[in-house]
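I opened this notebook to record what I looked up in the model, element by element. The sequence and structure come first, and my entries follow.

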Amino acid sequence: MSDEGKDANPLYSYFVNNPGRLIHKWLHYFEPYHRHLGRLRGEAVTLVEFGVFHGGSLQMWKHYLGSRARIVGVDIDPACKTFEEDQVQIWIGDQEDRPFLRRLADGVGSIDIVIEDGGHRMGQQIATFEEIFYRMSESGVYIAEDLHTSYWAEYGGGARRTGTFIEYAKALIDQLNAWHTQNPEQLSVDDFTLQATSMHFYDSMLIIERGERGEPRHTQTGRPSFPT
Ligand SMILES: C[S@@+](CC[C@H](N)C(=O)[O-])C[C@H]1O[C@@H](n2cnc3c(N)ncnc32)[C@H](O)[C@@H]1O
């Protein structure tokens, strides 16, 4: 991020001057965070962050989104429960436990923002995405972080290795474009095609924006320059 960009980014300003509990974030995340979440500041939104750590990032989101926001932290470590405060609730559970994730989604209700910053293992990232993304609010924003673990053997990663979250996400690119298939046996419209409007890849981060989507249409406007 340029120095100018840093000055204009209230989330980054909070982070570097952090008056609260410990936060651990990669510095290059702050530009995409503000680009994709800035429109939700001051709104009555619900943010769920997987991975509470010392609770500081939950305080940061609360400060950034404002007094109408509800912040929910999820962690496997029961000690994190003590980080609850005004506007901040904590759920204790394993982000790879699908029944837990369904209980979480039912209990929390409409989720507008997900920050997935938990254990960063492939099964955890995939289970959390599959159980939560399709239950988010219609214009939700899903942020999966630290995807560099898809390249790290100790997390189950490896370049172009089957089963990594990055390989899983590459297949979602096909689903985003599935309306244009010429071979429905190879590629067909699914829930992701119908519910995701865009995918934004950054270093170690994928941001998926939701929105109900029908079959795309195109047309022509203006005067022809040549006989048609
Ligand atoms: C990278 S830290 C989170 C950093 C925090 N979001 C921040 O910005 O400061 C990862 C957290 O994920 C939690 N975690 C690890 N495995 C988990 C799992 N299977 N389910 C839920 N949380 C998990 C750890 O207990 C730890 O608190």
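Against which elements do the buried residues of H4 pack? I found that they pack against helix H2 (10-16), E1, E2 and strand E3 (88-92), where contact means that the C-beta atoms of two residues, placed from the backbone, lie within 7 Å.

Before going further I noted that this is a predicted model, in which local features need pLDDT of at least 70, side-chain atom pairs count only at pLDDT 80 or more, and totals for chains, interfaces and linings use all residues. Residues are numbered from 1 along each chain as its sequence is written.

**Entry: the whole chain.** I listed 8 helices and 7 strands in the protein chain; these are DSSP runs numbered from the N terminus, helices being H or I of at least four residues and strands E of at least two. Because a compact globule of 228 residues would have a radius of gyration near 17 Å, the 19 Å of the protein chain agrees with that expectation; the radius is taken over C-alpha atoms, and the globule rule is 2.2 Å times the number of residues to the power 0.38. Along the principal axes, the C-alpha atoms fill a box of roughly 70 × 40 × 35 Å. I noted that 32% of the 228 residues count as buried, a residue being buried if 20 or more other C-beta atoms, placed from the backbone, lie within 10 Å of its own, exposed if 12 or fewer, and partly exposed in between.

Entry: In H4, 7 of the 10 residues are buried, among them Ser-57, Trp-61 and Tyr-64. Just after H4, Gly-66 takes a positive phi of about 105°. I then turned to the ligand, around which there are 21 residues, and Gly-51, Phe-53, Ser-57, Gln-95 and Gly-119 come nearest; a residue is near if its C-beta atom, placed from the backbone, lies within 6 Å. Strand E1 (46-50), helix H4 (56-65) and strand E2 (70-75) each supply at least two residues of this shell.

**Entry: the strands around E5.** In strand E5 (residues 141-144), Val-141 and Ile-143 point one way and Tyr-142 and Ala-144 the other way, and all are buried. Strand E4 (residues 113-116) runs parallel to E5 and is joined to it by 4 bridges, two strands being paired if DSSP finds at least two bridges between them. Val-141 in E5 is the bridge partner of Ile-113. On E7 (residues 205-210), which runs antiparallel to E5 and is joined to it by 4 bridges, the bridge partner of Val-141 is Glu-209. Strand E6 (residues 196-202) and E7 pair in the antiparallel sense over 6 bridges, and they form a hairpin with 2 residues between them, where Ser-204 in the turn has a positive phi of about 70°.

**Entry: Ala-105.** Why does Ala-105 count as partly exposed? Ala-105, which I placed in helix H5 (residues 98-108), counts as partly exposed because it has 18 C-beta neighbours inside 10 Å. Leaving aside neighbours within four places in sequence, Ala-105 is in contact with Glu-131, Ile-132 and Arg-135. I also noted that Ala-105 and Met-136 are 31 residues apart in sequence and 8.3 Å apart in space, C-alpha to C-alpha.
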